[in-house]
Amino acid sequence: MKYTCEIDISLSRARMIELFDDPNNLQKWLIGLERFSHISGEKGYPGAKSEFVVKAGNRRVEMIETIEKRDLPSEFTAVYAAKGVWNRTENFFKVNGDGTTRWTQTNEFRCDGLMMKLMMKLMPGAFRKETMKQMESFKAFAEAEG
């Protein structure tokens, strides 16, 4: 399953990327984040691996992030792997005519388990809704930080 979400952030791209690229800010906007820890590779660069532990409802999800591409300030791509789920997230950052920033995120999900496959088939909007919720959380954080 693939889908794309977009949001405009009322900050310059340089400032927005500064906030987005700082792992110390994750706890301030990533809803449900319990833990983030670097595992290997050069932090923030292709090949680097980090562990995320996120509480989603009653579930605790442990996932490994592997950075695939870092071409900031325009693009950042990572793969998130959890038990039975694989997600590639491509983030693109463009300067709008008014100096604000358009963040476009394309997600591709694959899964192994029957339940997750059914959820993707029957409720694809739930994935998109969750992505927008996280993007809106970042927007609120970033714009408050200025």
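Which strands does helix α1 lie across? Helix α1 (residues 13-20) lies across β1, β5 (75-82), β6 (85-95) and β7 (101-111), and runs at about 155° to β6. The angle is taken between N-to-C directions on a scale from 0 to 180 degrees, with axes fitted to C-alpha atoms, for helices over the stretch in contact.

Keep in mind that this is a predicted model: local features need pLDDT of at least 70, side-chain atom pairs count only at pLDDT 80 or more, and totals for chains, interfaces and linings use all residues. Residues are numbered from 1 along each chain as its sequence is written, and side-chain values use heavy atoms, with hydrogens and water left out.

**The chain overall**

- You're looking at 4 helices and 7 strands, where helices (H or I, at least four residues) and strands (E, at least two) are DSSP runs numbered from the N terminus.
- Going along the sequence, the pattern reads β-α-α-β-β-β-β-β-β-α-α.
- The radius of gyration is 15 Å, close to the 15 Å that the globule rule gives for 146 residues, so the chain is as compact as a globular protein of that length. That radius is taken over C-alpha atoms, and the rule is 2.2 Å times the number of residues to the power 0.38.
- Along its principal axes, the C-alpha trace spans about 45 × 35 × 25 Å.
- Take the contacts (heavy atoms within 4.5 Å) between residues at least 6 apart in sequence: 44% of them join residues at least 24 apart.

**The sheet**

- The 7 strands form an open sheet in the order β1-β7-β6-β5-β4-β3-β2, with antiparallel pairing. Two strands pair if DSSP finds at least two bridges between them.
- β1 (2-9) and β2 (33-40) stand at the edges with a single partner strand each, so one side of each has no neighbour in the sheet.
- On average, neighbouring strands here are turned by 25° against each other, direction ignored.

- β2 and β3 pair in the antiparallel sense over 6 bridges, and R35 has V53 as its bridge partner in β3.
- β3 (residues 49-56) and β4 (residues 59-71) pair in the antiparallel sense over 8 bridges. V54 has V61 as its bridge partner in β4, while A56 stands opposite R59.
- The β3 and β4 hairpin has 2 residues between the strands, and G57 takes a positive phi near 65° there.
- β4 and β5 also pair in the antiparallel sense over 8 bridges, with A78 in β5 as the bridge partner of I67. A hairpin of 3 residues joins β4 to β5.

**Two buried polar residues to look at**

- E51 lies in strand β3 and counts as buried at 17% relative accessibility.
- The E51 side chain makes a polar contact with the side chain of R35 (2.7 Å). A polar contact is a pair of N or O atoms within 3.5 Å; within protein, one must be able to donate a hydrogen and the other to accept it, and residues adjacent in sequence count only if both atoms are side-chain atoms.
- Leaving aside neighbours within four places in sequence, E51 is in contact with R35, F36, S37, I39, E62, M63 and I64.
- T89 lies in strand β6 and counts as buried at 6% relative accessibility.
- The T89 side chain makes a polar contact with the side chain of N87 (3.1 Å).
- With neighbours within four places in sequence again left aside, T89 is in contact with residues including F76, A78, Y80 and Q105.

Conventions: Buried means under 20% relative accessible area, exposed over 50%, partly exposed in between (1.4 Å probe, protein chains only).
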